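Please read them with the structure open.

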Amino acid sequence: MTIQELQNEVIEEFQDFDDWMDKYQLLIDLGSDQAPLDEKYKTPENLIDGCQSRVWLQADYDKEEDKITFQAESDALIVKGIVALLIRVLNGHSPQEIIDADMNFLDEIGLKDHLSPTRSNGLLAMVKKMKAYAIAFSLK
């Protein structure tokens, strides 16, 4: 699936809920379903600056396949769900696809409007870090 198709899928999922408490629960469930990050990746280099919670992001690039694989973990349930959503949309795509991605689903599902300013900054920091990895891998 393309990044845009995956975003559309997420938008549809969130449209099933009218209440933001239900949407938060969906985020918590997504975070809970995510595999824990191996302790060896919980390093200061993988810690995302700008997040209120601690978020570690590991990115690996398969040059032959031209695909990036992301893994992440957070010590906050909702943030873990947010990063799980980002991974679901961007994982397994080429650096160029990730660089070019609009990430419109974040506005479409209303996520930015329903986060505290510090969490919203953290969300932007996560997206920025994932795109930075894509840029770095595209230069290799």
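1. Helices and strands are DSSP runs, numbered from the N terminus. In those terms, Asp66 is placed in the loop between β1 and β2. The model is predicted, and the points below should be read with that in mind.

2. Strands β1 (residues 55–62) and β2 (residues 67–74) run antiparallel and are joined by eight bridges. Within this pairing, Gln58 faces Gln71 of β2, and Asp62 is set opposite Lys67 of β2. Four residues separate the two strands of the hairpin.

3. The turn. Most residues other than glycine have a negative phi. Asp66 is counted as partly exposed because its relative accessibility is 33%.

4. Other positive phi values. Gly92, which follows α3, has a positive phi near 80 degrees.

5. Helix α3. Is α3 largely enclosed or largely open? It is largely enclosed by the rest of the structure, because 12 of its 14 residues are buried. The buried set includes Lys80 and Gly81 as well as Ile78, Val83, Leu86 and Leu90. The end C-alpha atoms of α3 are 20 Å apart, in agreement with the 20 Å that its 14 residues should span at 1.5 Å a residue.

6. The core. The largest nonpolar core contains 46 residues, and those with the most contacts inside it are Phe70, Leu86, Leu90, Phe105, Leu111 and Met126. Two or more residues each come from α1 (3–15), α2 (20–33), β1, β2, α3 (77–90), α5 (105–108) and α6. The largest share, 10 residues, is that of α3. Setting aside residues up to four places away in sequence, Leu90 touches Ile3, Phe70, Ile98, Ala101, Met103 and Met130.

7. Helix α6. This helix has 22 residues, and the distance from its first C-alpha to its last is 31 Å, close to the 32 Å expected at 1.5 Å a residue. Its buried residues include Gly122, Met126, Met130, Tyr133 and Phe137. An α-helix has 3.6 residues a turn, so residues three or four places apart point the same way. The cover over the buried residues of α6 includes β1, β2, α3, α4 (95–100) and α5.

8. Ser120. This residue lies in helix α6 (residues 117–138). Why is Ser120 classed as buried? The reason is its relative accessible area of 13%, since buried means under 20%. Neighbours within four places in sequence aside, Ser120 is in contact with Lys112 and Leu115.

9. Aromatic pairs. Three aromatic pairs are found in a search of the whole structure. One of them, Tyr61 with Phe137, is stacked, at 5.1 Å centre to centre and 20 degrees between the planes. This pair links distant parts of the chain, as Tyr61 is in strand β1 and Phe137 in helix α6, 76 residues apart. Tyr61 is partly exposed at 23% relative accessibility, whereas Phe137 is buried with a relative accessible area of 10%. Ring pairs link Tyr61, Tyr133 and Phe137 into a cluster.

10. Charge over a ring. Lys42 has its charged end over the ring of Trp56, 5.3 Å from the ring centre.

11. Phe17. This residue is in the loop between α1 and α2. Phe17 is partly exposed, with a relative accessible area of 29%. Not counting residues up to four places away in sequence, Phe17 touches Asp22, Lys23 and Leu26.

Key:
Residues numbered from 1 in each chain as written. Predicted model: local features only at pLDDT ≥ 70, side-chain atom pairs only at ≥ 80, totals over all residues. Heavy atoms only, no water. Pairing = 2+ DSSP bridges. Buried < 20%, exposed > 50% of the residue type's maximum accessible area, 1.4 Å probe, protein only. Contact = heavy atoms within 4.5 Å. Core = buried A, V, L, I, M, F, W, Y, C linked by side-chain atoms within 4.5 Å. Expected span 1.5 Å × (residues − 1). Phe/Tyr/Trp six-rings, centres within 6.5 Å; stacked < 30°, edge-to-face > 60°. Lys NZ or Arg CZ within 6 Å of the ring centre and 35° of its normal.
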